[in-house]
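Thanks for coming, everyone. Let me put the model up, and then we'll walk through it piece by piece.

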Amino acid sequence: MTSGGTESILMSMLVNRARARARGVERPQILAPVSAHPAYAKAAHYFDMELVPIPLDSSYRADVGAAAERIGTETAVVVASAFSYPYGVMDPVADLAALAAEHGAGCHVDACI
């Protein structure tokens with residue numbers, strides 16, 4: 001159990017880092033839209049992970065095609081927002097989750113707003 005949004009994100013990223021390290025990834029990546037909550041950058045810093053930004057499409061949602069170009073063997077987790085921190089729009093959660101599953105990565109949906 002966590003007590004707030006930032007703590008919830010931190011704990012999820014910590015679990016995804018552990019899962020990636022268990023499969024041999026030394027510096028796991030967080031693949032997150034540029035509109036994602038700032039706590040993902042904090043998690044990357046605290047837990048020695050790399051934050052890989054996903055650009056937004058013309059509707060201010062995570063660009064799934066761009067995410068597909070950036071995902072790889074080092075990806076620990078793919079992030080989606082439902083709804084996003086700055087714009088209040090919902091990322092294509094199902095598409096991002098499917099992309100994560102195809103690559104054996106976790107998927108974290110931030111639904112705090």
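**A walk through the fold**

Let's start with Phe83, which lies in the loop between β3 and α4. When I say helix or strand, I mean DSSP runs numbered from the N terminus: H or I of at least four residues for helices, E of at least two for strands. The peptide bond leading from Ala82 into Phe83 is cis, with omega near 20 degrees.

Some ground rules. This is a predicted model, where local features need pLDDT of at least 70, side-chain atom pairs count only at pLDDT 80 or more, and totals for chains, interfaces and linings use all residues. Residues are numbered from 1 along each chain as its sequence is written, and side-chain values use heavy atoms, with hydrogens and water left out.

Together with Tyr85, Met90 and Ile113, Phe83 makes a nonpolar surface patch of about 410 Å². Patch residues have over 30% relative accessible area and no salt bridge; nonpolar side chains (Val, Leu, Ile, Met, Phe, Trp, Tyr) are joined within 5 Å, like charges within 9 Å. Areas come from the Shrake-Rupley method with a 1.4 Å probe, and for residues only the protein chains shown count as cover. Met90 sits in the loop between β3 (75–81) and α4 (93–102). Is Met90 buried, partly exposed or exposed? Met90 counts as partly exposed, because its relative accessibility is 38%. The cut-offs: buried is under 20% relative accessible area, exposed is over 50%, partly exposed is in between, with a 1.4 Å probe and protein chains only.

Now the sheet. In what order do the strands of the open sheet run? The order is β2-β1-β3-β4, 4 strands, and the pairing is parallel. β2 (50–54) and β4 (106–110) are at the edges with a single partner strand each, so one side of each has no neighbour in the sheet. Neighbouring strands are turned by 25 degrees against each other on average, direction ignored. Axes here are lines fitted to C-alpha atoms, for helices over the stretch in contact, and angles run from 0 to 180 degrees between N-to-C directions.

Strand by strand, then. Pairing needs at least two DSSP bridges between two strands. β1 (residues 29–33) pairs with β2 in the parallel sense over 5 bridges. There, Pro33 stands opposite Ile54 in β2. On to β3: 3 bridges join β1 to β3, and the two run parallel. β3 and β4 are also paired in the parallel sense, over 5 bridges. Val77 stands opposite Gly106 in β4. How covered is β3? Mostly covered: 7 of its 7 residues are buried.

Gln29 counts as buried because its relative accessible area is 14%. Leaving out residues up to four places away in sequence, Gln29 touches Glu50, Val52, Glu74, Thr75, Ala76 and Val77. Contact means heavy atoms within 4.5 Å.

Next, the helices. Helix α2 (residues 39–46) lies across β1, β2, β3 and β4, and runs at about 150 degrees to β2. α4 packs on the sheet too, touching β3 and β4, and its direction makes about 175 degrees with that of β3.

Last stop: Asp48. Asp48 lies in the loop between α2 and β2. Its phi is positive, about 55 degrees, although Asp48 is not a glycine. Tyr60 lies in the loop between β2 and α3 (64–70).

How many salt bridges does a search of the whole structure find? It finds 2. A salt bridge puts a side-chain nitrogen of Lys or Arg within 4 Å of a carboxyl oxygen of Asp or Glu. Arg21 bridges to Asp48, with the closest N and O atoms 3.9 Å apart. That pair links distant parts of the chain: Arg21 is in helix α1 (residues 5–22), and the two residues are 27 residues apart. Arg27 meets Asp48 as well, at 3.1 Å, N to O. Arg27 is in the loop between α1 and β1 and Asp48 in the loop between α2 and β2, so this pair ties together parts 21 residues apart in sequence. Shared partners join Arg21, Arg27 and Asp48 into one network.
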